[in-house]
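Please read the following note with the sequence and the model side by side.

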Amino acid sequence: MEYIEREKARPAFCLKDYLIQSGGSDPVTLHGAIHRIRDMGHFSFLLVRLPDTIIQCVLEGQAYEKHRPHLHEECCVRLTGVISAEERAPHGLECHIQDMVVLSSPAAPLPFPVNRHKIGPALETELGYRPIALRNSDRRARFRVQAGIVQQFRNFLQTQGFTEIRSPKLQSASAEGGANVFSLDYFGKKAYLAQSPQFYKQMMVGVYERVFEVGSVFRAERHQTARHLNEYVSLDFEMGYIDDFTDLCAMETAMLASVFDYLRQSFAEEIQTLKVSLPSVDRIPSIRFVEAKELVARTYNRKIKDPHDLEPEEERLISDVIKRQTGSDFVFVTHYPASKRPFYAMNDPENPKLTLSFDLLFRGLEITTGGQRIHDYDEQVAKMVDKGLAPEDFKSYLMAHRHGMPPHGGLGIGLERLCMKLFGDSQIRLSSMFPRDMGRLDP
Ligand code: AMO
């Protein structure tokens, strides 16, 4: 019998760790793809792509004679060399290659260079070649930062007593209503792709009090805009025993502050590559929906066209005014009209035409929706009926209410929208690794 031994703790070479521990002149062994070759006559600079950075290597002497004729960009290599200081190289270090093995060679040249700062082709072409385009330093940095956001969202909420859940993405009822739901045949029954984990996170508040989820959600929106995807990543949390919805806003503020601190500390290279300016979020201003609409109408001499919702242009203008008045990149807009909020939103007891809900705008774009939910069974059934829905279609959701739920609320954040605004992009698809839009199902 043969056994598989446990993986030895031998992570890929990490330049950052090396920099921390450095001082020694011992040879290191590392592997990566050749991002760029710069021939200098009798030697070459090889820029080798490591998981999190690029290191300049010098191919010279016998290693140069042996390997240079067969070497191409995107060859995967394992090499041993000595790292020394070189102020003109990235990180002020370069690796002098002593020995090298070429592990693989590409079958064809790249369709466009990925080793320039800016990526060449138009967005549609880039998305078609996404597995290649993502090798570019700018593109890699975006998704490392995105991974950092998710990681710290998790870490922070865990410190606050939240339990991570995974809700089903195949569901029997649509949570967010409207026509934008993908329906499918589930062994003869009608099913839907989850528009959000809404029902499940609420139900789990009755079990764990505080829960969160990071997962894909699906919206069958039949329009191509710069801020919509048909599949996106939703960062959700839901908390029980709240006093009111501002508890949720306070938790989100603390979470965002923690995420940006983490990015500042752990992703300095990526932040620099992307020229990201990290916002300060000690506190976030909050304004009522009606007041926000009036503020924009007054400041910009605009007519209010839709009194029940914010137009994208209004989101931008509200953010501009708030930025000028308070310096904040974020603003909570609260008390949305009940007519525009789903059946689970709790009405404002002071004015039942409004809800105890909010959006968070970041640099001109809605990145979060949240609010207090109805926890009382009769009130929830009545609101469903009021909205023209059949309570029997929501049996399992109502089961939780029927058997007792604490006062609770939560929110959902669009990860790609948050990234889009952080990176200063005007197009959301750049923040999705493999975007799904009306025209794209591949790669
Ligand atoms: P909502 O439908 O407003 O609320 O979605 C929450 C957040 O998700 C993001 N978002 C999108 N991002 C990319 N493409 C889309 N098509 C898209 N649609 C929405 C936005 C938005 O603010 N269940 C509620 C949340 C809650 O109350 O907990 C919900 O899904 O950033």
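1. Two strands are said to pair if DSSP finds at least two bridges between them.

2. Before going further, please keep in mind that this is a predicted model, in which local features need pLDDT of at least 70 and side-chain atom pairs count only at pLDDT 80 or more, while totals for chains, interfaces and linings use all residues. Residues are numbered from 1 along each chain as its sequence is written, and side-chain values use heavy atoms, with hydrogens and water left out.

3. Strand β4 (residues 76-85) also has β1 (residues 28-39) as an antiparallel partner, and 6 bridges join them. Within β4, R78 stands opposite H31. As a general point, strands of a sheet pair through backbone hydrogen bonds, either parallel or antiparallel.

4. Turning to the chain as a whole, its secondary structure comes to 13 helices and 18 strands, and its C-alpha atoms fill a box of roughly 80 × 65 × 40 Å along the principal axes. Of its 443 residues, 51% count as buried, a word that here means under 20% relative accessible area, with exposed meaning over 50% and partly exposed in between (1.4 Å probe, protein chains only). Among contacts (heavy atoms within 4.5 Å) between residues at least 6 apart in sequence, 64% join residues at least 24 apart.

5. Which strands form the open sheet that contains β9? The order is β7-β9-β8, and the pairing is antiparallel. Strands β7 (170-171) and β8 (183-186) stand at the edges, each with a single partner strand, so one side of each is left without a neighbour in the sheet. Strand β8 pairs with β9 (residues 189-193) over 4 bridges, and L184 has A191 in β9 as its bridge partner.

6. Leaving aside neighbours within four places in sequence, Q198 is in contact with A175, E176, E238, Y344 and R373.

7. A338 is found in the loop between β13 (330-334) and β14 (347-348), and A338 is buried, with a relative accessible area of 12%. Apart from neighbours within four places in sequence, its contacts are N347, P352, K353, L354, T355 and K387.

8. The last topic is cysteine. The structure holds 0 disulfides, a disulfide being a pair of cysteine sulfur atoms within 2.5 Å. For C76, which is in no disulfide, the nearest cysteine sulfur is that of C75, 7.6 Å away. C76 is partly exposed, with a relative accessible area of 30%, whereas C249 is buried, with a relative accessible area of 7%.

Terms used:
Helix = DSSP H or I, 4+ residues; strand = E, 2+ residues; numbered from the N terminus.
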